[in-house]
Amino acid sequence: LPHLDSSHTSSNTIQSSIIHNNTTSTIFPYFDFNVPRNITTAVGQSAFLHCRVEQLGDKAVSWIRKRDLHILTAGVLTYTSDQRFQVIRPDRSENWTLLIKFPQERDSGIYECQVNTEPKMSLAFRLSVIGE
């Protein structure tokens, strides 16, 4: 049996992972623009903002409220103490839906779906909450 040189094997592994990383880094996320981006709802009637990100890879999706630049969600975690906000993402889905329960008129405004690419990608959604 030929003698296996362990250093040779590990350098091959390193090299293939470098090549692998180069290939994966050329796959960039992109937004599916075929979603409603002007959403109108009545006070108290749940609002759904549908953000679809294809080829997300190892990147993360966040929802930001533009008015005060508050991070509402990052990944599937909610970063606001306001219990009305949550992200809905079915397993391994491209959909990152921001759910706003019992919206009030003051919730009207621009919400951004962001992906932490370099440079950052964002897609704006306009929510209008109409009084009774």
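Modeller: Let's start with burial: a residue is buried under 20% relative accessible area, exposed over 50%, and partly exposed in between (1.4 Å probe, protein chains only). Asp107, at 0% relative accessibility, counts as buried. Keep in mind that this is a predicted model, where local features need pLDDT of at least 70 and side-chain atom pairs count only at pLDDT 80 or more, while totals for chains, interfaces and linings use all residues. Residues are numbered from 1 along each chain as its sequence is written, and side-chain values use heavy atoms, with hydrogens and water left out.

Biologist: Which residue forms a salt bridge with Asp107?

Modeller: First the general idea: side chains of opposite charge can pair when their charged atoms come close. The cut-off for a salt bridge is a side-chain nitrogen of Lys or Arg within 4 Å of a carboxyl oxygen of Asp or Glu. Here the partner of Asp107 is Arg106, with the closest N and O atoms 3.9 Å apart. Arg106 counts as exposed because its relative accessibility is 55%.

Biologist: How many salt bridges does the structure hold, and which residues do shared partners join into one network?

Modeller: There are 9 salt bridges. Those that share partners link Asp32, Arg52, Glu54 and Glu94 into one network. Within it, the side chains of Arg52 and Glu54 meet at 3.2 Å, N to O. Glu54 is buried, at 17% relative accessible area, while Arg52 is partly exposed, at 23%. Arg52 also forms a salt bridge with Glu94, and there the closest N and O atoms are 4.0 Å apart. Glu94 sits in the loop between E7 and strand E8 (95–100) and Arg52 in strand E3 (residues 47–54), so this pair ties together parts that are 42 residues apart in sequence. Strands (E, at least two residues), like helices (H or I, at least four), are DSSP runs numbered from the N terminus. As for Glu94, its relative accessibility of 32% makes it partly exposed.

Biologist: Where does Arg84 lie, and is Arg84 buried or exposed?

Modeller: Look in the loop between strand E6 (77–78) and strand E7 (85–88). Arg84 is buried, with a relative accessible area of 13%.

Biologist: What does the side chain of Arg84 join in a polar contact of 2.7 Å?

Modeller: A polar contact is a pair of N or O atoms within 3.5 Å; within protein, one must be able to donate a hydrogen and the other to accept it, and residues adjacent in sequence count only if both atoms are side-chain atoms. The 2.7 Å contact joins Arg84 to the side chain of Asp107. A polar atom of the Arg84 side chain also lies 3.1 Å from the backbone oxygen of Phe102. Not counting residues up to four places away in sequence, Arg84 touches several residues, including Leu99, Ile100, Pro103 and Arg106.

Biologist: Which residues does Ile130 touch?

Modeller: Leaving out residues up to four places away in sequence, Ile130 touches Thr40, Thr41, Ala42, Val43 and Glu105. Ile130 is in strand E10 (residues 121–130) and counts as partly exposed, at 47% relative accessibility. Its C-alpha atom is 8.1 Å from that of Gln104, 26 residues apart along the chain.

How values were computed: Contact means heavy atoms within 4.5 Å.
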